[in-house]
Amino acid sequence: MRLINTSLALKKGHSTAHCTDVLKRNTDYYTSRGSHVFLCFIDFTEAFDKVNYWKLFIKLMDDHINSSIVSLLAFWYSHQQVCVRWRNTLSDWFLIGNGTRQASILSPYLFERYIRDLLADVCCSCYGCNVGGVVLNILAYADYLVLLSPSWLGM
């Protein structure tokens with residue numbers, strides 16, 4: 001049995017359409033043979049706001065990312081200030097204590113790195129759909145995940 005990494009979060013030329021196609025083909029493969037396939041869709045949209053960026057920076061250092069880049073990110077994230085505009089009124093400025101910027105081009109990469117260990121654990125679990133000797137058990141794109149299994153027990 002062969003394992004493949006199905007995390008497509010930042011691969012150039014890939015999009016949600018690619019993940020959708022892989023999901024559809026896998027589901028069709030199982031259902032056309034009279035088998036079940038169970039899916040669990042996870043939307044981590046709000047998880048961007050919960051990322052402990054100090055843990056993230058440690059993970060980046062563990063990956064041997066240049067310490068100057070990590071220091072820059074640490075400074076940038078630890079000094080984020082925002083205010084709230086409501087109609088014509090602005091609140092006082094305040095610090096943001098955690099999270100990654102959802103509109104930032106770096107956010108999908110940083111979030112994928114933050115959950116990489118989770119993705120690896122699922123990929124290596126050998127639970128999941130087996131198509132031609134390849135285990136397919138998780139599809140990931142930015143802040144969306146799909147878990148796949150041919151049984152409830154595997155799910």
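This is a predicted model: local features need pLDDT of at least 70, side-chain atom pairs count only at pLDDT 80 or more; totals for chains, interfaces and linings use all residues.

Me: How many helices and strands does the chain have, and in which pattern do they follow one another?

Reply: One begins by listing the secondary-structure elements. The chain contains four helices and 10 strands. Along the sequence, their pattern reads β-α-β-α-α-β-β-β-β-α-β-β-β-β.

Me: What share of the residues counts as buried, and what supplies the exposed surface?

Reply: Burial is judged from accessible area. Here 32% of the 155 residues count as buried. The chain exposes about 10,000 Å², of which carbon and sulfur atoms supply 59%.

Me: What share of the contacts with a separation of 6 or more joins residues 24 or more positions apart?

Reply: Such pairs account for 62% of those contacts.

Me: Let us turn to a single residue. Where does Asn-137 lie, and is Asn-137 buried or exposed?

Reply: Asn-137 sits in the loop between strand E8 (134–136) and strand E9 (138–141). Asn-137 has a relative accessible area of 3% and is therefore buried, the cut-off being under 20%.

Me: Which backbone oxygens does the side chain of Asn-137 reach?

Reply: For a polar side chain, one looks for polar partners. A polar atom of the Asn-137 side chain lies 2.6 Å from the backbone oxygen of Val-122. The side chain of Asn-137 also reaches the backbone oxygen of Tyr-127, at 2.9 Å.

Me: Which residues does Asn-137 contact, leaving aside neighbours within four places in sequence?

Reply: Among them are Cys-123, Ser-125, Cys-126 and Gly-128, as well as Val-146, Leu-147 and Leu-148.

Technical notes. Residues are numbered from 1 along each chain as its sequence is written. Side-chain values use heavy atoms; hydrogens and water are left out. Helices (H or I, at least four residues) and strands (E, at least two) are DSSP runs, numbered from the N terminus. Buried means under 20% relative accessible area, exposed over 50%, partly exposed in between (1.4 Å probe, protein chains only). Contact means heavy atoms within 4.5 Å. Accessible areas come from the Shrake-Rupley method with a 1.4 Å probe; for residues, only the protein chains shown count as cover. A polar contact is a pair of N or O atoms within 3.5 Å; within protein, one must be able to donate a hydrogen and the other to accept it, and residues adjacent in sequence count only if both atoms are side-chain atoms.
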